[in-house]
Amino acid sequence: RSKDVIKMLQRLTSVKERHMNPVIIYSATRVLSAIISDFDIKTSKLEDAKILVGFLINSFNKGESSFSDYILAVSFSHVLLIPGLYSYFLSHKGCQILISIMSRNTKDLQITYYCLLCLWSLSYESDMIELASSSSVS
């Protein structure tokens with residue numbers, strides 16, 4: 001049953017459904033990231049998280065306005081609780097995205113909080129320093 005909910009939420013956040021109300025897209029993204037981060041089936045959790053993170057990063061890189069910086073930061077903060085996602089996030093320039101979000105929102109304490117929470121979650125990865133330096137975070 002949980003996989004059915006995940007598939008439905010992934011469909012709601014997909015590119016094909018962009019004609020939907022942005023509130024629905026934002027809500028589906030937040031719920032999806034929370035469910036994936038608390039999902040019991042360990043083998044598919046990482047793959048589902050990679051799909052969501054890849055989708056969010058691609059949306060950010062394409063400059064799609066469907067996702068606010070707030071939704072990105074909150075969603076990343078949920079899925080970065082999943083062990084093993086760190087290297088995927090860093091290799092897809094996730095830290096650069098967090099830095100970009102923070103630099104655009106210097107007066108928004110909530111967005112800054114979620115971005116810092118993401119960086120704090122990443123600090124638990126033993127290879128974070130090596131991964132961060134290889135992904136050229138500056």
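**Close-up 1. The salt bridge between glutamate 47 and lysine 50 in the predicted model.** In this predicted model, glutamate 47 and lysine 50 form a salt bridge whose closest N and O atoms are 3.9 Å apart. Both residues belong to helix H3, where three residues, about one turn of the helix, separate them. Glutamate 47 is partly exposed, with a relative accessibility of 44%. Lysine 50 is also classed as partly exposed, at 23% relative accessibility. The count of salt bridges in the model comes to two; the other is shown in the next view.

**Close-up 2. The salt bridge between aspartate 69 and arginine 104.** Here the closest N and O atoms of aspartate 69 and arginine 104 lie 2.5 Å apart. Aspartate 69 counts as buried, at 14% relative accessibility. Arginine 104, by contrast, is partly exposed, with a relative accessible area of 46%.

**Close-up 3. The largest nonpolar core.** This core consists of 31 residues, and Val53, Phe76, Val79 and Phe89 are those with the most contacts inside it. At least two residues of the core come from each of helices H2 (22-37), H3 (42-61), H4, H5 (86-91), H6 (94-104) and H7. Helix H3 gives the most, with six residues. Setting aside neighbours within four places in sequence, valine 53 is in contact with Phe76, Val79, Leu85, Tyr88 and Phe89. Among these partners, Phe76, Val79 and Phe89 are listed with valine 53 as the residues with the most contacts inside the core.

Close-up 4. Serine 75 is found in helix H4, which covers residues 69-79. This serine is buried, because its relative accessible area is 0% and the cut-off for burial is under 20%. Apart from neighbours within four places in sequence, the residues in contact with serine 75 are Thr29, Arg30, Ser33 and Leu56.

Close-up 5. Tryptophan 120 lies in helix H7, which is formed by residues 109-122. At a relative accessibility of 48%, tryptophan 120 is partly exposed, since only values over 50% count as exposed. In sequence, tryptophan 120 and leucine 80 are 40 residues apart, while in space their C-alpha atoms are 9.6 Å apart.

Terms used: Residues numbered from 1 in each chain as written. Predicted model: local features only at pLDDT ≥ 70, side-chain atom pairs only at ≥ 80, totals over all residues. Heavy atoms only, no water. Helix = DSSP H or I, 4+ residues; strand = E, 2+ residues; numbered from the N terminus. Buried < 20%, exposed > 50% of the residue type's maximum accessible area, 1.4 Å probe, protein only. Contact = heavy atoms within 4.5 Å. Core = buried A, V, L, I, M, F, W, Y, C linked by side-chain atoms within 4.5 Å. Salt bridge = Lys/Arg side-chain N within 4 Å of Asp/Glu carboxyl O.
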